[in-house]
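This report goes through one protein model, part by part. Keep the sequence and the 3D view open while reading.

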Amino acid sequence: MAKRANGDGSITKRPNGTFEGRAYVTTTSGIRKRVSVYGRTRDEVREKLTQLQAQEGQGIPVPDTNMKLEDYLAYWLAKVVKVNRRPKTYQGYESVVRVHLVPGLGRKKIRTLRAAEVRTWLTRVASECQCCKHEWDKARRDPQCCAAGQCCQTVLSRRMVQSIHAVLRNALQNAVREELIVRNVATLVQIPTPTYDTGKGLSVAEARLLLRECAEDRLHALYVLALVMGMRRGELLGLRWGAVDFERQTLTVERSLQRVDGKLALVRPKTASSVRTVPLPPPVVAALMAHRERQAEERAAAGMEWKEHGLVFTSRVGTPLEPDNLRRSWHPLRSKLGLHIRFHDLRHSAVTMLLDLGVPPHIVRQIVGHSDIGVTMKIYAHASLDEQRKALGKLGEALA
């Protein structure tokens, strides 16, 4: 019998009855190394060896690291995410890693992590009560959950579970790019997609009423921009006078005000499409000019206390507005009008009204700065009941 060629691999039976296959392959460190694969049968090991040698033939190096997931995630956050992503993105990823991924999967080795383990863990995460898990009852004067003998079933939202999965998927994909692992097992795991409530937009009549009621509010122009231009809260609070061109009647969205690491900061929008220059219709120009005059009066009244930041919407002494404090103006206004919507739903309303007026979706996408038209159509672009009624009325007339 001819001797096996060097590199063909060998299969031997182990004392415990399982089989071990060994072959020389090129590893991610650039050296050739003899690695082992294991299985319950000789055929199973032979198949693994064949896959290993096929990767070798294609020039795909075999990972030779025993790094645990928690160690890799720490490296990924510090060397990849913090360097290349926005501070708010890093903050969100770090929270998911610290609160969910490390406690749940941190001790697993990235080289041997399996899709079934990820799927089982995510299923458990989606169903476990967060109050019981984090022992929130201990901080309460009157126990309400496990300490009281009855679980309150405070589970994570589908959107949060999706975010946890996305962070793990992004981290492992970077490990694939750096040739630490051969495949991303998180991409093999499917999770339920979150549902979006798209029935909270204002009608044209409600939007008119809102703008009329807030006409004397010092943030009237902010509501005009939110309802007409569909700007996000951070974009509104990060808008600078230098980005408003009254002569050309345009506005450039280039910064967003966010709280990062406990401090307010002006950051670039999340996606390239969020940076945009849009024309200003006459009502918006008039509102901004009136707001500029009001701000000049506030600056004069504040005197030496005024802190100039060049922002359009500020406190009464010129400092940036805390994003969460916008509710001090918004909540009384919506309560007065009997509206049960979030401030973000004003952006939703702008998109809906534009679409109802027949504006092409790709133009709406450019105005509001969605990352792609799929976001416009999937989350916001639903016809109002009036539009549906008109459409079905036309069909009914045609068939009558």
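Predicted model: local features only at pLDDT ≥ 70, side-chain atom pairs only at ≥ 80, totals over all residues.

Strands of a sheet pair through backbone hydrogen bonds, and the pairing can be parallel or antiparallel.

Two bridges join β4 and β5 in the antiparallel sense. Val244 has Leu251 in β5 as its bridge partner.

## The nonpolar cores

Which residues of the largest nonpolar core touch the most other members? Of its 41 residues, they are Leu222, Tyr223, Leu225, Leu251, Phe313, Phe343 and Leu346. At least two residues of this core come from each of α7, α8, α9, β5 (250-253), α10, α11 (327-337) and α12 (344-356). The largest share, eight residues, is supplied by α8.

Leaving aside neighbours within four places in sequence, Leu225 is in contact with Gly230, Met231, Leu236, Leu239, Leu251, Val284, Leu288 and Phe313. Another core lies apart from the largest one and has 33 residues, including Val81, Leu105, Ile110 and Val161.

## Aromatic pairs

The whole structure contains six aromatic pairs. In one of them, the ring centres of Trp330 and Phe343 are 6.0 Å apart and the planes stand at 85°, so the pair counts as edge-to-face. Trp330 belongs to helix α11, while Phe343 sits in the loop between α11 and α12, so the pair ties together parts that are 13 residues apart in sequence.

Are these two residues buried or exposed? Trp330 is buried, at 2% relative accessibility, and Phe343 is buried with a relative accessible area of 11%. Ring pairs also bring in Tyr223, which forms a cluster with Trp330 and Phe343.

## Salt bridges

Side chains of opposite charge can pair when their charged atoms come close. How many salt bridges does the structure hold? The number is 17.

One of them joins the side chains of Arg218 and Glu298, at 2.8 Å from N to O. Arg218 is in the loop between α7 (204-213) and α8 (220-229), and Glu298 is in helix α10 (residues 282-302), so this pair ties together parts that are 80 residues apart in sequence. Both Arg218 and Glu298 are buried. A salt bridge also links Glu235 and Arg276, whose closest N and O atoms are 3.0 Å apart. Glu235 lies in helix α9 (residues 233-237) and Arg276 in strand β8 (residues 276-279), so the parts tied together here are 41 residues apart in sequence. Glu235 and Arg276 are both buried.

The salt bridge between Asp345 and Arg342 has an N to O distance of 2.9 Å. Asp345 is buried, with a relative accessible area of 1%, whereas Arg342 is partly exposed at 45% relative accessibility.

## Cysteines

A disulfide is a covalent bond between the sulfur atoms of two cysteines. How many disulfides does the structure hold? The count is zero.

Cys129 is buried, with a relative accessible area of 6%. Cys214 also counts as buried, because its relative accessibility is 1% and the cut-off for buried is under 20%.

Key
Residues numbered from 1 in each chain as written. Heavy atoms only, no water. Salt bridge = Lys/Arg side-chain N within 4 Å of Asp/Glu carboxyl O. Helix = DSSP H or I, 4+ residues; strand = E, 2+ residues; numbered from the N terminus. Buried < 20%, exposed > 50% of the residue type's maximum accessible area, 1.4 Å probe, protein only. Core = buried A, V, L, I, M, F, W, Y, C linked by side-chain atoms within 4.5 Å. Contact = heavy atoms within 4.5 Å. Disulfide = S-S within 2.5 Å. Pairing = 2+ DSSP bridges. Phe/Tyr/Trp six-rings, centres within 6.5 Å; stacked < 30°, edge-to-face > 60°.
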